[in-house]
Amino acid sequence: MSAPLKDITPAERARSTSFYEASARTRLELLLDAGSFVEFIGPEQREVSPHLKIFDLPEQFDDGIVVGRGRLDGSPVFVAAQEGRFMGGAFGEVHGAKLTGLIRAARQIGSIPVLILFDTGGVRLQEANAGELAIAEIMRAVMEARSAGVKVIGLIGGRSGCYGGGGLIAGCCSALAVSEPGRIAVSGPEVIETNRGVEEFDSRDRALVWRTMGGKHRRLLGAADVFADDNVQDFREAALELLELVGPFGLDALKAEQERLADRLRRLSACSDAVDIWTAEGIAHAETVPELPADQFIALADRTGRTSRDAR
Amino acid sequence: MTLDDILTALFPDGHEVRNDKGVLLGSATLRSGDSMLVLGVADRTALGVDEAIRLSDHVLRSIGRDSGPILVLVDSDSQRMSKRDELLGLNEFLAHLAKVLIHADLNGRPTIGLLYGHSAAGALLATGLATRVLVGLPGADPAVMDLPSMAKVTKLSMEALEEKAKSTPVFAPGLSNLAQMGAVHMTWSHAAPLADQLEALLADMPVARDGRDALGKARGGRLKAVEIAERVRDLALQAR
């Protein structure tokens, strides 16, 4: 560490570090209490994907995900962070199994929450069957853990967003925090355009991508309960807030979610753009939402945004 | 076999399953006289927000009112790929359907998926892969990702991909590949009555524990997943 940095507190460093730009390891280091992170099956064990060599593709020693335990404000947490810069953070066999094992342990213990730092394009195409199945296993594990009283919090703000099966796992979490660049969707922009044509979705229209799938829209819809500014400290505070907020999971939560989603369809089904949705939700000058700075947006979302609390 | 043929063969004692624009909702009578809740996606219909909300509603209404197992029939497209579905939060709707099915399974309503046609990607995750036991019918043709899309992304020719697919079940479409990975537990035969095979499965349901990774290893399709998951779990349990 260079000399000028040594007087900076961890919180200040976390505050000045973009979550979007940071690597998975930096995110974890700055999100957790300083020095508390312990990795399970770290890169030194070289547990690489057994499938990428079929395609002559480079492997990564951690297969693009870092899992382990640490502390958050002194309390133990399990953590998993996907590395969006390796294969788009996509789920393969080893990558997915690390997360499955972590959540299964949390279920067995029952009292230690799990934080998942999503950064993924979804299934890794080169091992599509293994990746798809890993996602199904993770979804099952998350629901079993939540049924056992475990809180599973998703943090979404990475460069690969949270797409494909990652979006479904996020939908299984107890609560989500999302930043503006943290996109959540099933089909990515390019996938929709390839399958349905540019008239359906122009993937090069970045403003369209952000307002359809981005963090602000997801927060206003109530898909995410907390909006974080794009720095690691904000995500740390969001995680702490959500851990306080999350109630028990059970049939009532699923019934409430059914009603929440059915109500969304009744109200917003005819809207053809996010701006129409925000207007229908009573936001004046909805077209200015994408430009709002984080603090103003959070104030707006707290006033008019929906919530999925106890309804997911 | 058409859907009607399959339903008749599964439930000779009768069923009330309606197909409304590809969304299957209803129930059927088992040999014991007990009822089985039935839902699903037919006619290779894409699974979007409008379909998913009806399917989850059907299960939730049944919980607390009925008892007995649940059958999820699957002949779907992928998730519906549209601006509208994503705008409305398709990931939440698909996750919700999976959650409802998993919750039912964990709480006394064992779930069986029956893949009798196509399915892919998010639609498969929200239906068949969210059940305790996924059964395939001969002729089913699931494809997590289709080879033409894969060729585009990997920049490999179709021929090269087909050649690689001969040596591994890990990426190529098809029922047998998914079975080898542990995703499809068993494939039924048209040589025996489907009703007999369903009743035999119901009489001998595995416990509600996800053993798909172990199955994938036993079948030689996924050699690492179970070991990696167990090692991480053991390390994490030492955190207590």
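Hi everyone, let me start with one residue, B:Leu125. Setting aside neighbours within four places in sequence, B:Leu125 is in contact with A:Glu132, A:Ile135, A:Ala136, A:Met139, A:Gly165, A:Leu168, B:Leu94, B:Ala98 and B:Ala130. Contact here means C-beta atoms, placed from the backbone, within 7 Å.

A quick word on the model: it is predicted, with local features needing pLDDT of at least 70 and side-chain atom pairs counting only at pLDDT 80 or more, while totals for chains, interfaces and linings use all residues. Residues are numbered from 1 along each chain as its sequence is written, and chains are lettered from A, and ligands numbered from 1, in the order in which they are written.

Now the core. The largest nonpolar core has 169 residues, and B:Leu125 is among those with the most contacts inside it, as are A:Met139 and A:Val142. Such a core is a set of buried Ala, Val, Leu, Ile, Met, Phe, Trp, Tyr and Cys residues joined through C-beta atoms within 7 Å; buried means 20 or more other C-beta atoms within 10 Å of a residue's own. Which helix gives the most to this core? H4(A) does, with 12 residues.

On to the two chains: 74 residues of chain A are in contact with 66 of chain B. Here too H4(A) gives the most to chain A's side, with 14 residues.

Finally, helix H3 (residues 93-109) of chain A packs against helix H4 (residues 128-147) of chain A at about 10°, axes 9 Å apart. That makes H3(A) roughly parallel to H4(A), the cut-off being under 35 degrees. A:Ile103 of H3(A) and A:Ile138 of H4(A) are among the residues making this contact. Thanks, everyone!

Conventions:
Axes are lines fitted to C-alpha atoms, for helices over the stretch in contact, and angles run from 0 to 180 degrees between N-to-C directions. Helices (H or I, at least four residues) and strands (E, at least two) are DSSP runs, numbered from the N terminus. Angles under 35 degrees count as roughly parallel, over 145 as roughly antiparallel, 65 to 115 as roughly perpendicular and the rest as oblique. A residue is buried if 20 or more other C-beta atoms lie within 10 Å of its own, exposed if 12 or fewer, and partly exposed in between; C-beta atoms are placed from the backbone.
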